[in-house]
Amino acid sequence: MQWAALSSPAPAPAPAWMGRRARTARWPRGSSAPRRVVLAAAASSSPSPPSPDANSSSNSNSPGSGGGGGDEEEEREDAARMEKAAAFLMRSQKYAMLKQQLAVAAQFEDYKEAARLRDSLKSFEEEEPVLRLRRLLKKAVEEERFEDAAKYRDELKILAPHALLKCSSDATTLGIRVQVRSVYIESRSQPLKGQFFFAYRIRITNNSQRPVQLLRRHWIVTDANGRTENIWGVGVVGEQPVIFPRTGFEYSSACPLNTPNGRMEGDFEMKHIDKAGSSTFNVAIAPFSLSILGDDNDDVLL
């Protein structure tokens, strides 16, 4: 997996735009270069057909022998989950291709074709089960129909686990706040080749009383097939920034993915620099979604 920085960092805040739990990991002291380790992968190394989603991967290793009724029922449920995940993956790829074709048609002023693709996209968005369930869930919550909301949430959890995760996250550790927002970049994606490009913006705010320095980063990236990759690196975008109290640091970077949906989480290793010999500590980056469908959250990092 190749990583690319999109812009140089700003020294202070400036206007800008189900799965696994984040694990704390220490930087491998014996190396100075970024490291990538695949911890869990789909049953097949081939990207298709999709393997079970990450939430059911623990069951996929079961022998399934013994002939018990419970085992057969579990196998049927796993097969149903795999089928739904595969169907959602195919629909997501179709959606991505339609959006890219629309952009190309508009660029070359083929407005008749652009109008056709626009209508196809609108029809897709109205009929897509994940988007429909999201709308129903949002409306049920607004109207305080929580029984219905729970039903829609459970359906979403089965149909597309990543769909319940927002494309943004916000977490604070020892006074260090980390906010993230991701977005799908159509112009740098090639759906026909299974290449999907996501950018993300990170804001780190020091709300503590002590200055800190960001030393290393650790990312856990999971695609829609449940394949997980751990990535370690020194600093961010080529720097190890010092962040003083009541100030912040922002940067943009990107993550290519071979599926239309996935998730990221991780941590930054930091240390206080106002006292010699201070030990390092990890600052959590809460999980957020990488999705071509986006989410219902229009908030941006201000």
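Between which strands is the loop in which Lys193 lies?

A: Lys193 lies in the loop between strand E4 (176-184) and strand E5 (196-206), where helices (H or I, at least four residues) and strands (E, at least two) are DSSP runs numbered from the N terminus. This is a predicted model, in which local features need pLDDT of at least 70 and side-chain atom pairs count only at pLDDT 80 or more, while totals for chains, interfaces and linings use all residues. Residues are numbered from 1 along each chain as its sequence is written, and side-chain values use heavy atoms, with hydrogens and water left out.

Lys193 counts as exposed because its relative accessibility is 59%; here buried means under 20% relative accessible area, exposed over 50%, and partly exposed in between, with a 1.4 Å probe and protein chains only. In sequence Lys193 and Asn258 are 65 residues apart, yet in space their C-alpha atoms are 8.5 Å apart.

Ser253 and Arg201 are 52 residues apart in sequence and 6.6 Å apart from C-alpha to C-alpha, and Ser253 counts as buried, with a relative accessibility of 8%.

Most residues other than glycine have a negative phi. Glu144, which is not a glycine either, also has a positive phi, of about 60°; Glu144 lies in the loop between H4 and H5 and counts as exposed at 58% relative accessibility.

Residues that make the contact (heavy atoms within 4.5 Å) include Val130, Leu133 and Leu137 of H4 and Tyr152, Leu156 and Leu159 of H5. The residues of this contact divide into 12 nonpolar, no polar and 4 charged, where Ala, Val, Leu, Ile, Met, Phe, Trp, Tyr, Cys and Pro count as nonpolar, Asp, Glu, Lys and Arg as charged, and the others, Gly among them, as polar.

Val130 also takes part in another pair: its C-alpha atom and that of Ala160, 30 residues apart along the chain, are separated by 7.2 Å. Ala160 lies in the loop between H5 and strand E3 (168-173), and it counts as buried at 2% relative accessibility.

Finally, the structure holds 5 aromatic pairs: rings of Phe, Tyr and Trp (its six-membered ring) pair if their centres lie within 6.5 Å, and planes under 30 degrees apart count as stacked, over 60 as edge-to-face and the rest as tilted. Phe249 and Tyr251 form a tilted pair, at 6.3 Å centre to centre and with 45° between the planes. Phe249 is buried, with a relative accessible area of 5%, and Tyr251 is buried at 2% relative accessibility. Ring pairs also link Tyr200, Trp219 and Phe288 into a cluster.
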